[in-house]
Amino acid sequence: MKLLVIGSGGREHALAWCLAKTDGLQKVFVAPGNAGTAGERQLENVNITDLDALADFAEEEKVSLTVVGPEAALAAGIVNVFRARGLKIFGPTREAAQLESSKDFAKRFMARHNIPTARFATFSNQAAAHAYVDRQGAPIVIKADGLAAGKGVVVAATLIEAHAAIDRMLPEPTALLPDGANAARVVIEEFLEGEEASFIVMVDGKDVLPLASSQDHKRIGDGDTGPNTGGMGAYSPALVVTPEVHARTMREIILPTVRGMAAEGIPYTGFLYAGLMIGRDGSVKTVEFNCRLGDPETQPILMRLKSDLLTLLEHAVAGRLDQVEAVWDRRVALGVVLAAANYPDTPRTGDAISGLPKASEDSYVFHAGTIEQDGQIVTSGGRVLCVTTLGDNIKQAQKRAYNTIIGIHFDGMQYRHDIGQRALNR
């Protein structure tokens, strides 16, 4: 049996690593992969990114199942292309992926189906957006409407920050669509107070299988300071997701979303990620939807998965998720992202990486922005590595992760020193 994982980040390395554990598996192709997947037994990088060429490859290699990692491929319609050829693939169609590819679509969908979320307004006119912010005041949240690799969100503490975000995301003049509308849009939302968590499930169009909960750390600096990034670390399980919060999220957010998409004629299949804001009173609101596994949440989540991932995926593709359960390691998993110099602005690339440790039962270094160059592994993106460890509790997992990091080096390496601290402070 051969499998194909689409993508090149840490999420995809973790997916391929987890799938490679399947008994009797011949190979997992990763397109295009990174230096980490290139060095793994049973994994093979394939330098293809074109959607039709990927489908050609899957046909030629008789790939049994394809799993899509990144949002860009989903938004471009890779699932539509594969399904049109009768190829098995797990992920949402281009139409369903609008839950992530368009913040405006997602917000309007939630409004139609009474799914709890922040109040919002969408603008393509810069002057109107500025006027709205002046009326609402700060703090306030400004979001670019399209895909932004996790960095198209500004939580503005002041009106000055909010106006600057609008100027950057909605410049004037911008390209116009045929009907004269502005091609760029921003969604402006009320600021929500509470604690964030990541709630990720598998969906087969009608049934839902929740994965382990996790908590991401979005901001670049310790103590949640500085600009948002694609994610600087995560741990699982998230203590803030109590059994009551879990049940409420399924009842008020996940199931209404799956049923709503089906009712609108765009049934959802694939991983569905709801970013949650959990209030002190236990209320839950949807910050955003992602149509794939989170990164870096995937790394600690899959470190804890004891079930065979391929079995779960096969049930999902066959529409039989109601017939399978996921079993989780009781231990805590924690991942710390090591980022390149100048991330999240314009990351520096080409820095040599040294001191990468061997994997162990409770520690693994997943690659993201890495390539091999003249026999040396070097940085090739903003988030470079995710050092992921297991521990009997959050403190032990945290200690193992940071002890592992001590031996790793590349010039300009930056990381947070407090991943998981919120759980320790509870």
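At what angle do H8 and H9 pack, and how far apart are their axes?

The model is predicted: local features need pLDDT of at least 70, side-chain atom pairs count only at pLDDT 80 or more, and totals for chains, interfaces and linings use all residues. Residues are numbered from 1 along each chain as its sequence is written, and side-chain values use heavy atoms, with hydrogens and water left out.

**Stop 1: helix H9**

Select residues 159-169, which form helix H9 (helices are DSSP runs of H or I with at least four residues, strands are runs of E with at least two, both numbered from the N terminus). Its buried residues are Ala-162, His-163, Ala-165, Ile-166 and Met-169 (buried means under 20% relative accessible area, exposed over 50%, partly exposed in between, with a 1.4 Å probe and protein chains only). Viewed down the axis of H9, these buried residues fall within an arc of 155°, so they line one face of the helix (the arc is that of the directions from the helix axis to the C-beta atoms). On the face turned away from the buried side, select the exposed residues Ile-160 and Arg-168.

**Stop 2: the partners of H9**

Next, display helix H8 (126-136) and strands E7 (140-144), E8 (153-156) and E9 (186-190), against which the buried residues of H9 pack. H8 and H9 pack at an angle of about 165°, with their axes 10 Å apart (axes are lines fitted to C-alpha atoms, for helices over the stretch in contact, and angles run from 0 to 180 degrees between N-to-C directions). The two helices H8 and H9 are therefore roughly antiparallel (an angle over 145 degrees). To show their contact, select Gln-126, Ala-129, His-130, Val-133 and Asp-134 of H8 together with Leu-159, Ala-162, His-163, Ile-166 and Asp-167 of H9 (contact means heavy atoms within 4.5 Å).

**Stop 3: helix H3**

Move to residues 51-60, helix H3, and select its buried residues Leu-51, Leu-54, Ala-55, Phe-57 and Ala-58. Down the axis of H3, they fall within an arc of 160°, so they line one face of the helix. They pack against strands E1 (2-7) and E2 (27-32) and helices H4 (71-76) and H5 (78-84).

**Stop 4: Ile-408**

Finally, select Ile-408, in the loop between helix H13 (394-405) and helix H14 (421-424). Ile-408 counts as buried, at 3% relative accessibility. Leaving aside neighbours within four places in sequence, its contacts include Leu-338, Ile-353, Pro-357, Val-387 and Met-413. A C-alpha distance drawn from Ile-408 to Asp-52, 356 residues apart along the chain, reads 39 Å.

Conventions. Parallel < 35°, antiparallel > 145°, perpendicular 65-115°, else oblique.
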